[in-house]
Amino acid sequence: MSSGRCAACRYLRRRCTEDCILSPYFPSNNPQRFVSVHRIYGASNVTKLLLQLPTHLRAEAADSLYFEAQCRLEDPVYGCVGLIFMLQQQIHAAESQLVKTQAEIAVMKSQGQNPEAQQAEQDFNNLLLQQSDNDAALSFPNQVSSGFI
Amino acid sequence: MRSQESRSTSSCAACKLLKRRCTPNCIFAPHFRSDEPKKFAKVHKVFGASNVSKILIEVPEEQREDTVNSLAYEAEARLRDPVYGCIGDIALLQRKMIQLQHDLALARARLSLYAATDSAGISNTDSDQFCTAALGEFPVACGGGFMDSFSQTSYEVNQDTHMYDFSQIPYI
C-alpha cells in the first residue's frame, strides 16, 4: 500500500489514491519538494490552489510554488521579493549607465562628423542587422523545471 | 449574557477574521491592523494563519513588518496570478534586464567606435574588423528563456501595475 504513494501522501501519512491531485507534481523520488511547499503554504492551500486551475497549468503552478517556497525558506523575511528588489536595483543601475553612454555618444557624434566615423557606424548597423536575423532563428530551452536564476 | 470583556474592541484584522480574541501579545496585531482587513485576508488565503505565524515567530521582531509586507505582496501576486504568482514579475524583470544589458553593450560598442574613429581615422577594412570584434562582446540576444514558458499574459497585465511599493523596506 505504501510503495505507490506520492511524496505528499507519504509525508501526510495518508493513502494515495489514483486521483490524488498532488501526486503528479510531488513524486515520491523528491520528498523535499513537498516538504518545502507544505512548510510555507500547507497541503490544504496547495490542493485548493491546484484544484482551481485547469490541469495543463498545474505543473507550472506547482513549480512556481516550489520556487517561492524555497526562496522563503532561504530568506524568511523577503522570500522571492528579495529577488525582485535586486533585479529592480540592477535595472535602475543599467538604465542609468545606458543613459550616460547614450549621452556620451551624442556628444561624440556632434563633435566629430568625419566620413570614417559615419562609414564605421553604417557598417556597425549592418552587422547588427545581420546578427539579429541570425538570432531570430535561435530558441531557448524551457527552463521552468530547472530554475532560472 | 456574554461578558463585554470577552469581546475585544481592538481586535486586529487577523483575530477579527479568525473570530478569536485578540490578546495583548497577539503576533499578528502589530502588522495587521483592523483598518486593513484585506491584507490579512489575502495572506491567510494563500499561506494560512498558522504558517504565517510560524514564519513571523522565526524572524526577529524588528524584521516582522518587512516579512509581513513581503508575504502580502506574494499573496496578492498569487491571487492575481494563481499559476505563476510573483514569479511572473521576476521573469518580466529578468527579461527587461537582459534587454538592457544588450542595449548597454550595443551603446558601449558604438561609443568605442566613435572614440576609435575620433582619435585616428580608420580604413573601411579596419572598421569592419572593429565592428565584428565589438559585436563579439555582446551577450547573445535572448528569446526570453524562462519568460517564454509563461504563456499566460499575467505578466503583461502586470506591466500596467508597477511593483508593489514597499516604502517600509529599505531599497538595498
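Predicted model: local features only at pLDDT ≥ 70, side-chain atom pairs only at ≥ 80, totals over all residues.
## Helices and the LOB spans

A helix here is a DSSP run of H or I at least four residues long, a strand is a run of E at least two long, and numbering starts from the N terminus. UniProt, in an unreviewed entry, puts "domain: LOB" at residues 4-105 of chain A. That span comes out at 69% helix and 0% strand. Go from one end of residues 4-105 of chain A to the other, and the end C-alpha atoms are 65 Å apart.

Chain B carries a "domain: LOB" feature too, again from an unreviewed UniProt entry, at residues 10-111. Here the span is 67% helix and 0% strand, with 63 Å between the end C-alpha atoms of residues 10-111 of chain B.

UniProt also has a "coiled-coil region" for chain A, at residues 84-111, and this comes from an unreviewed entry. In the model, residues 84-111 of chain A are 100% helix and 0% strand. The C-alpha atoms at the ends of this stretch sit 40 Å apart.

What does the contact between them involve? It takes 5 residues from domain 1 of chain B and 5 residues from domain 2 of chain B.

## Nonpolar cores

Now for the greasy parts. The largest nonpolar core has 47 residues. Those with the most contacts inside this core are L22(A), F26(A), Y41(A), V46(A), F28(B) and F47(B). Which helix gives the largest share? That would be α4(A), with 5 residues.

Setting aside neighbours within four places in sequence, F28(B) is in contact with C12(B), A14(B), R20(B), F40(B), A49(B), V52(B), S53(B) and L56(B). There is also a second, separate core of 28 residues, and L83(A), L87(A), V59(B) and M97(B) are among its members.

## Salt bridges

Over all chains, the search turns up 9 salt bridges. One of them joins the side chains of E74(B) and R72(A), at 2.9 Å from N to O. This pair crosses between chains: E74(B) sits in helix α4 (residues 64-80) of chain B, and R72(A) in helix α4 (residues 55-74) of chain A.

In chain B, R33(B), D35(B) and E36(B) are linked in a salt-bridge network. The side chains of R33(B) and D35(B) meet at 3.3 Å, N to O. R33(B) also pairs with E36(B), where the closest N and O atoms are 3.8 Å apart. As for solvent, D35(B) is exposed, with a relative accessible area of 55%. R33(B) is partly exposed at 44%, and E36(B) is partly exposed at 26%.

A disulfide is a covalent bond between the sulfur atoms of two cysteines. How many disulfides does the model have over all chains? The count is 0.

Look at C9(A) to see why: the closest cysteine sulfur, in C6(A), is 3.6 Å from the sulfur of C9(A), and that is too far for a bond. The cut-off for a disulfide is sulfur atoms within 2.5 Å. C9(A) itself is buried, with a relative accessible area of 1%. C20(A) is in no disulfide either; its nearest cysteine sulfur is that of C9(A), 3.7 Å away. C20(A) is buried as well, with a relative accessible area of 10%.

Technical notes. Residues numbered from 1 in each chain as written. Chains lettered and ligands numbered in written order. Heavy atoms only, no water. UniProt positions renumbered as here; feature names shortened; annotations may be inferred. Salt bridge = Lys/Arg side-chain N within 4 Å of Asp/Glu carboxyl O. Buried < 20%, exposed > 50% of the residue type's maximum accessible area, 1.4 Å probe, protein only. Core = buried A, V, L, I, M, F, W, Y, C linked by side-chain atoms within 4.5 Å. Contact = heavy atoms within 4.5 Å.
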